[in-house]
Amino acid sequence: MARFLKKTTKSRGLPPGTLVFIGTRKMEQTRLRMIDYNESSIVERELTDISECAANIPDNTVTWINVDGLHNPEPIEKIGQLFGLDPLMLEDIMDSSQRPKVDEYDNCVFMIMKMLRIDEATKRIYAEQLSVAIGKNFLITFQEQVGDVFEPVRERLRNNRKRIRSSGPDYLAYALLDTVTENYIRITEALGTQVEEMDNYLLNNPGKTVPAQINRYKQEFNYLRRCVRPAYEALLKIPKLESGLIKKHTLPYYDDLDEMLVKAAEGIDTYRDMLSDQFNLYHTTVSSKMNDIMKVLTIFAAIFIPLTFIAGVYGTNFDHVPELHYKYSYFIMLSVMFVIAAGMVVYFRKNKWF
Amino acid sequence: MARFLKKTTKSRGLPPGTLVFIGTRKMEQTRLRMIDYNESSIVERELTDISECAANIPDNTVTWINVDGLHNPEPIEKIGQLFGLDPLMLEDIMDSSQRPKVDEYDNCVFMIMKMLRIDEATKRIYAEQLSVAIGKNFLITFQEQVGDVFEPVRERLRNNRKRIRSSGPDYLAYALLDTVTENYIRITEALGTQVEEMDNYLLNNPGKTVPAQINRYKQEFNYLRRCVRPAYEALLKIPKLESGLIKKHTLPYYDDLDEMLVKAAEGIDTYRDMLSDQFNLYHTTVSSKMNDIMKVLTIFAAIFIPLTFIAGVYGTNFDHVPELHYKYSYFIMLSVMFVIAAGMVVYFRKNKWF
Amino acid sequence: MARFLKKTTKSRGLPPGTLVFIGTRKMEQTRLRMIDYNESSIVERELTDISECAANIPDNTVTWINVDGLHNPEPIEKIGQLFGLDPLMLEDIMDSSQRPKVDEYDNCVFMIMKMLRIDEATKRIYAEQLSVAIGKNFLITFQEQVGDVFEPVRERLRNNRKRIRSSGPDYLAYALLDTVTENYIRITEALGTQVEEMDNYLLNNPGKTVPAQINRYKQEFNYLRRCVRPAYEALLKIPKLESGLIKKHTLPYYDDLDEMLVKAAEGIDTYRDMLSDQFNLYHTTVSSKMNDIMKVLTIFAAIFIPLTFIAGVYGTNFDHVPELHYKYSYFIMLSVMFVIAAGMVVYFRKNKWF
Amino acid sequence: MARFLKKTTKSRGLPPGTLVFIGTRKMEQTRLRMIDYNESSIVERELTDISECAANIPDNTVTWINVDGLHNPEPIEKIGQLFGLDPLMLEDIMDSSQRPKVDEYDNCVFMIMKMLRIDEATKRIYAEQLSVAIGKNFLITFQEQVGDVFEPVRERLRNNRKRIRSSGPDYLAYALLDTVTENYIRITEALGTQVEEMDNYLLNNPGKTVPAQINRYKQEFNYLRRCVRPAYEALLKIPKLESGLIKKHTLPYYDDLDEMLVKAAEGIDTYRDMLSDQFNLYHTTVSSKMNDIMKVLTIFAAIFIPLTFIAGVYGTNFDHVPELHYKYSYFIMLSVMFVIAAGMVVYFRKNKWF
Amino acid sequence: MARFLKKTTKSRGLPPGTLVFIGTRKMEQTRLRMIDYNESSIVERELTDISECAANIPDNTVTWINVDGLHNPEPIEKIGQLFGLDPLMLEDIMDSSQRPKVDEYDNCVFMIMKMLRIDEATKRIYAEQLSVAIGKNFLITFQEQVGDVFEPVRERLRNNRKRIRSSGPDYLAYALLDTVTENYIRITEALGTQVEEMDNYLLNNPGKTVPAQINRYKQEFNYLRRCVRPAYEALLKIPKLESGLIKKHTLPYYDDLDEMLVKAAEGIDTYRDMLSDQFNLYHTTVSSKMNDIMKVLTIFAAIFIPLTFIAGVYGTNFDHVPELHYKYSYFIMLSVMFVIAAGMVVYFRKNKWF
């Protein structure tokens, strides 16, 4: 399967705005969770149907609805109707191959980000799409599957940490994106540590798997980069939004996200460069090792080939080979051989061949 | 034939505005199809001559004329006169070597895009030029040959899907471009899947055709890129057009096209990088395999060359070689040889040569 | 001679504005040709001195003066005085090492472009400088030598093609530049076809001249690029000129030139990339061929070296070598040798060494 | 540990604004030093608690408080309360993994820079974070550990150098940043000198450690670059600040910092390029040396292999080998061998093989 | 010594504005030359002290003071006081490690450029800093040592060439910078010619010094680039200066400088690319030559190794080797050997191995 470009299974020619799920189905049923809070009270509920929510959204609270599971268009459509979300936006929510982006609609700010998870066994990164709709007094988040990454934020809400309970949905969205963004840095750092560790055994006895390993890390960083870069670019639009749904005093927090994304992007680029350097270094180390081996062959061959030739000459069965009959000629031959060998060793040494 | 730069066969010095077909003739006869629709009615007709159309273009419908076949200047000229199209525009329509672009004329918005088709056998991409003229109540599309890629859009028109029938030619143009653009992603993905699959056998026993294959994929991606990038740049001009022919509420749909083009372009770049990495990996794998083979030679040669030399010495026919006459000297020689060989094996092992 | 940076022979410290010819003298005498036309009449004359022209420039015609040969400052100076051209401009005209550019003066728009010619024998590109001064009712063009590239334009003037005869000098300049620009595409395509053809024999038995050939093509494309890129950048200034000498309805034609230049530049970049890829491919093909040869050596050597050693052992002349006297020991030795050889062949096959 | 991306140890989900130290604890206790000066007087004091300072900050003096040690949130929090610093800013101060930046707050301009130190033994660069808060009449600096790099500035304050005593905290901040920035150039130059020196022994007998060494320098320059580039970008914001805390007549001094940073960045880029070139040169030198060795083997082998074969033929024990019995055949064989050897030497020489 | 980043010897912590010479002292004594001219008169004098000048600067003349030698702060300080130059500017003048730049002060425009000189013997480029202060009616130039590069300009002043004598100091500055800039092109061209010449012997028998040579040229071009690029960027600021010290009718001349700098920069980039290509070509040529040699070894070895083995077999001393006793077996062996050898030659030929 093409990992770097998810297949869009939408059948050709379907009119835009048709809700079709694009991606891999990751859970059985859609799960709806609602948290309704203001400074003084907080209500947390699991909904079986979104209509339960419709009845009791008070105006003076912030309502956060979290949807896990995107394969089923029905509840998403209902939420869209309830909160007056644009059909194009709903289509984007269901298409898990979207790029990170920030769009502005009449009644909400819509963001798409990628939540990343590193598989400990394969060291591969997996992405899940997070869609966030920030309204005047509601925040709706859509995830592909149930995850616990937002649990600390929920905890903060429950514990009545002042700022989060007294701020609007824009601040809550920031708090969620903060955990997502922090995770980028965590993953970059996790992969980066491994890359930096490669340096150690690269110079000694690099295994044959090193190029493949480097290639794999490169792909992971490429993948990471494709999540981080567009997210960074998308967030740059936040201060320019005109709807006022992101309040002015929340903007510095979003700036903070931006800085974290730049930090992650820079880290990624640095590690990509490092991997390229390591690839070259590996190449050089291996061919330097090979050279050492070749030198040994050369020296052995160059020394013994002429000697063997001499022995061969006196192994011939000619009737008349005068040297064969002198008493000391065997020893003379050995001496000559020794001189030749020694001479070559000296010559090679002088030329710093070994 | 130069694939990356089509020959402009226009004879030198012809005045601009002269209608000359540039490209490969792909069909026998020009075919004209007309669909005339509004919210309540739809008429579909094949025209033998454009003059048939002239008589009955009502003001309150959208008229879509599709021209298949560009080699014949006559019908194109007639259409130009009928709809008041600029001569420069007609010249561009007939020149199938144009780059994707968006131009604004007095009475219409003119776009050129490339429709791509991947040949399943050769895995080569072929491009066909699509010219689109969006007027106030008409849309004229020009293709090099008859194709069925727009059939789903026609189907939607016939089935009275509300939005498409109640919107103007700008929305219809979007619907057509949407199928073209979606195809870019499909093709990128198709080639990309093959590139990602190469990773698997690259590390084991890469065949000799791999570099040529990588090169070919690279060329396809280059070709693809040359269709996608300018299309992306061209579409960026859409929101800045002043004529109002692209209505404001249609703009988000064009934004959507832009996003798809960025997605395709990013995918292309990723795969191009991946191909470069694979090329290096192939190189390393091959030379690593070669190194293994060379090592075997070296070790065999280094061990046996001195031993053969010793045997050679005792094969000489000197009259006086004292060692030859001791009873156990043959066995001593064998033992010495064994010790030498073993010593070298140990030495090579210690140096991790095999 | 430095081909990529022409020597400026202007002696140091000469005050600017001094007319000094910089370049290689390409013809004997300066040749002046004048065409004076309007919608109804056309006069074509060869002038021996520019003063002949001075007498009869009517106001209601367009006067095109073409100067072939730049080595002689005198006629150029006279033309400058006659038409009130700026001294800096005259200096630029005579300096054939100028970069393509567009400048605006009080009474004219001044352009420098490179006319390219590909030498069929050496496949090298040669450039000639074309300077164009567009005035209110005159056009003056300066070439380094007599060429026939503008003949089709003259023909169109003579044949009273409507647009060209009824338009001003700005359109005439466009018509000339059009032939120049079209030639860029022609040359890019000519070289490009050769580059694409190289692909065919690159994979089979690439000759040793390939790297040099690739290098040469690269240099030609670099040369081409240095003519096309600045020309493109220069033409971007045309719509921003304030003098009104380039009329508004002529601007779309200049846009057309721009598009052709972009097309040429893109083509050049594509072919440069392709050449780099081909260089790598050549390298890989050659070293893959070398590997094949080395493998044969390795296999031959690895198989026969131990066998030869065994034969050597039994060729020794020791008095007591028990094996020598068994009846079947010769055949046993042969069998052992066969087994060793076969074993190694099997081993190598299993490791896919051949 | 990931050197290029410091681990952020902040536990997930902590609300922003919580003061948590991120980094390596570098000293035991936080140390507070205060210098209070104006044109006529200067008071220098070590504080045990920031509250000592609170009592006596006169309005007509500049108060510089330097904090060494960031691991303890308590004094930093107190300073924040005393001077009314933003919580987000305090968080940044304690997070030693911040990128260089310039932020503007209501009552102060906040800068983060990296102070670099090169370890003489390992030639590695170590960075320490410097945070600077420039207020109306105060300057607060935060360092990770006690350092003496600011001592010369203190000396200038004590010696009543006119400008520094009569200017505000913006000039003092400049003076401090000047020493930091100058250090970037010093370090770039120190590493650069070593890189330039490598050129000398690269062509003669480059050791095997060269690639690793080049790699290490590259990493140091990468590290340096990641401190210098963002600092440069950050400082570009200084003239656009609106608070007026950086006075207009101090701006040229900050321009000067910018120029130094550009100089450092350019130096870094040049040395990085040089290292790449050296890597290639090393590669070429080594493989050229290897080629020399291989040539010797080839020549020895090519000459002696046929000769040894001839000797082998006459070493066979066939009953009927006519040549064996001619009187001079041994000498004829020797002569033939000599001719063969000589012929090959001549052939190789002619082909310039050695 | 670090050539690409001159050591700044200013001791740490010195207050900015302190005049300290940074660079290599290139001459014994500071030399002051003054030319005072207007359209009608010209006075040329060598000053022993700048105070001599102070007395007689008339208002209606242009006073050009040229200072050779920067190591001595005293005269520079005096000039600064006399003409009211900014202390920061004086500091820059004395720091010969400055980057090219253009700054605007209250009473003058200040430029720093690098004057280049190519050492004929070592082919190395040496730079000298030129500082230019353009005031209302004065021009002050500072050079590191006495040079004759401005002599032609002085000659033009003496010879009363109209424009230079009737224009202000801005035009005089242009005339000086023109000689400096022209020299960039001269040097680029000189190095470039050598680079282009390398092409000729690169394909035949490239010596071992080629990589080092290429590397050296690359460094020179890098050095050149670091002088040209910032100069180009700096000059772009000239038309935006607000002081009016550079008069409007002089601006086209400065544009001309810009064009020359672009030309030089483009030339440099082209030659840098060419050097990279040559490096690759060298590599390929060398390894292709090596391959040829290796092939000979392979062919010799592959042919003779099996033959020698056969001879070895019949050289064994077994009692019972039936073949040894047939009458023609020696000749049969020779024939078999010949057939084997011939077969291999045919096989290798067929595979195009030689």
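I began with Phe110(A), whose bridge partner in β6(A) is Ala133(A). I note that strands (E, at least two residues) and helices (H or I, at least four) are DSSP runs, numbered from the N terminus.

I recorded that this is a predicted model, in which local features need pLDDT of at least 70 and side-chain atom pairs count only at pLDDT 80 or more, while totals for chains, interfaces and linings use all residues. Residues are numbered from 1 along each chain as its sequence is written, and chains are lettered from A and ligands numbered from 1 in the order in which they are written.

**Sheet of chain A.** I found that β5 (residues 109-118) and β6 (residues 125-134) of chain A run antiparallel and are joined by 10 bridges. Helix α6 (residues 169-202) of chain A packs on the sheet and touches β3 (62-68), β5, β6 and β7 (138-143) of that chain. I take contact as C-beta atoms, placed from the backbone, within 7 Å. The direction of α6(A) makes about 30° with that of β5(A); axes are lines fitted to C-alpha atoms, for helices over the stretch in contact, and angles run from 0 to 180 degrees between N-to-C directions.

**Domains of chain A.** I looked up the division into domain 1 (31-284) and domain 2 (293-350), with bounds from an automatic or database domain assignment. Their centres, taken over C-alpha atoms, are separated by 76 Å.

Technical notes: Two strands pair if DSSP finds at least two bridges between them. Two residues are in contact if their C-beta atoms, placed from the backbone, lie within 7 Å.
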